[in-house]
Amino acid sequence: MTPTTYRTADVDGFKVFYREVGPKGAPKLLLLHGFPSAGHMFRDLIPLLADKYHIVAPDLPGFGQSDMPPRQDFVYNFENIAHVIERFTEVIGFDRFAIYVFDYGAPIGFRLALSHPERITAIISQNGNAYEDGLSDGWTPIKAYWQDPSPANREALRAFLTPEATRWQYTHGVPDPSLVSPDGQNLDNFYLARPGSDDVQLDLFGDYKSNVALYPLFQSYFRTRKPPFLAVWGKNDPFFIPPGAEAFKRDNPNAVVQFFDTGHFALETHAREIAESIRAFLK
C-alpha cells in the first residue's frame, strides 16, 4: 500500500488541503467530510481502502487546513463551497469518481452530481441527508434561524460551537463512548476556536436551508440517473435520523441501506465494518 500524502492544491487562488493515497490507476474515490470536521475524520477508513482505490479527502473551504478567507472576501454558502470542490477535482485530475459523503459533504457532493452526472460512478452516503424525512427535531433552532435570521436566533446557534457540543455530537447514541477517540473532537474544537471561524459556521447554519430547497432536485437525480448507491448510517444520529436513509430507496429502488448501532460520527466506531460494506458495494 502506498503511503498517504498531504498536499495542497491551488484552486483559482484558493488553497485546498487534501489527503491522497492509493494506486493512481485505480478507481477514484472522493471523501467529503461534514461539520465541524475535516479530512482527518477519515483517518481510520482510508487505510482500509487504499489498496484498491485512489482516494482523495479534501478539507472543505473554511475547514481544517484549507483556506478560510475573511467573510468579506468569500461568501460562505454551500453553493460556493461546492464550486471550489468541483474545481478542485478538475485541478487534481479527478474526472470520474465515486463519492463518499457525510453530513455537510452530502449537499456538496450531490451538487457535484447535479452539475456533472457523467463524472459520478457511485455514491456512498454516511449520514448524508437528502430528504426532509431525515431531519430530526434537533434542527428546530436552526430552522428558527432560517425563518427569522435575527441576531437573537443567530446567537442561539453558538451553543452548537462549544467543545461540549462537539463531544456530544461524537458520543451521542454510541453504546460505549470509551470507543470514541478524543483526537477527532479535540482537533475539531481547535479549528472552531480560530478567530472568525464561529461566524463562518453560523453563516453555514443559515445557508443550510438552500440544501433543503434542493432536495427535490437531488431526488430527481436519484430517480432518473439511479447511480449505484450505498447508505451506511449511524442509526442513533441525533440530527439525521433513519427515515432519511430509507428514503433513498423511494427514488432509487436499487439503493442499499445498512444501519449501524452508533451515532453521527459512525466512522469513529465502525470504520472497519463500513469499509467492508464499501469494498463489497464498489466491487
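Reader: In which strand is the place of Leu230?
Author: The model is predicted, with local features needing pLDDT of at least 70, side-chain atom pairs counting only at pLDDT 80 or more, and totals for chains, interfaces and linings using all residues. Residues are numbered from 1 along each chain as its sequence is written, and side-chain values use heavy atoms, with hydrogens and water left out. Helices (H or I, at least four residues) and strands (E, at least two) are DSSP runs, numbered from the N terminus. On that basis Leu230 sits in residues 229–234, which form strand β7.

Reader: Is Leu230 buried or exposed?
Author: Buried means under 20% relative accessible area, exposed over 50%, and partly exposed in between (1.4 Å probe, protein chains only). Contact means heavy atoms within 4.5 Å. Leaving out residues up to four places away in sequence, Leu230 touches Ile123, Ile124, Ser125, Val256, Gln258, Ser277, Ile278 and Phe281. Its relative accessible area is 1%, so Leu230 is buried.

Reader: How many Å separate the C-alpha atoms of Leu230 and Glu164?
Author: Leu230 and Glu164 are 66 residues apart along the chain. Their C-alpha atoms are separated by 32 Å.

Reader: With which side chain does the side chain of Arg119 make a polar contact?
Author: Arg119 is in the loop between α3 (105–115) and β6, and it is buried, with a relative accessible area of 18%. A polar contact is a pair of N or O atoms within 3.5 Å; within protein, one must be able to donate a hydrogen and the other to accept it, and residues adjacent in sequence count only if both atoms are side-chain atoms. Not counting residues up to four places away in sequence, Arg119 touches Glu86, Thr89, Glu90, Asp95, Arg96 and Phe97. The polar contact, at 3.1 Å, is with the side chain of Glu90.

Reader: What is the relative accessible area of Phe102?
Author: Phe102 lies in strand β5. Beyond four places in sequence, the residues it touches include Leu32, Met41, Asn127 and His264. Phe102 counts as buried because its relative accessible area is 0%.

Reader: What is the volume of the largest pocket?
Author: On a 1 Å grid over the protein atoms alone, a pocket is an open set of points with protein on both sides within 12 Å along at least five of seven lines, while a cavity is a set where a 1.4 Å probe fits but cannot get out; lining residues have an atom within 4 Å of a point. Grid points are joined across faces, edges and corners, and a volume is the space filled by probe spheres set on the points. For the largest pocket this gives about 250 Å³.

Reader: Which element gives the largest share of the lining of the largest pocket?
Author: Of the 14 lining residues, Pro27, Lys52, Tyr53, Leu282 and Lys283 are the closest to the pocket centre. Two or more lining residues come from each of β3 (28–32), β5 (97–102), β6 (120–126) and α11 (267–282). The largest share, three residues, is from α11.

Reader: How many residues of each class are in the lining of the largest cavity?
Author: The search finds three cavities of 30 Å³ or more, and the largest holds about 110 Å³ of space. Its lining includes Phe35, Asp103, Trp139, Gln169 and His264. Ala, Val, Leu, Ile, Met, Phe, Trp, Tyr, Cys and Pro count as nonpolar, Asp, Glu, Lys and Arg as charged, and the others, Gly among them, as polar. The lining has eight nonpolar, two polar and one charged residues.

Reader: What is omega for the cis peptide bond that joins Phe35 and Pro36?
Author: Most residues other than glycine have a negative phi, and most peptide bonds are trans. Pro36 lies in the loop between β3 and α1 (46–49). The cis bond between Phe35 and Pro36 has an omega of about -10°.

Reader: What is the phi of Asn127?
Author: Asn127 is in the loop between β6 and α4 (140–147), and it is buried, with a relative accessible area of 0%. Asn127 is not a glycine, yet its phi is positive, at about 50°.
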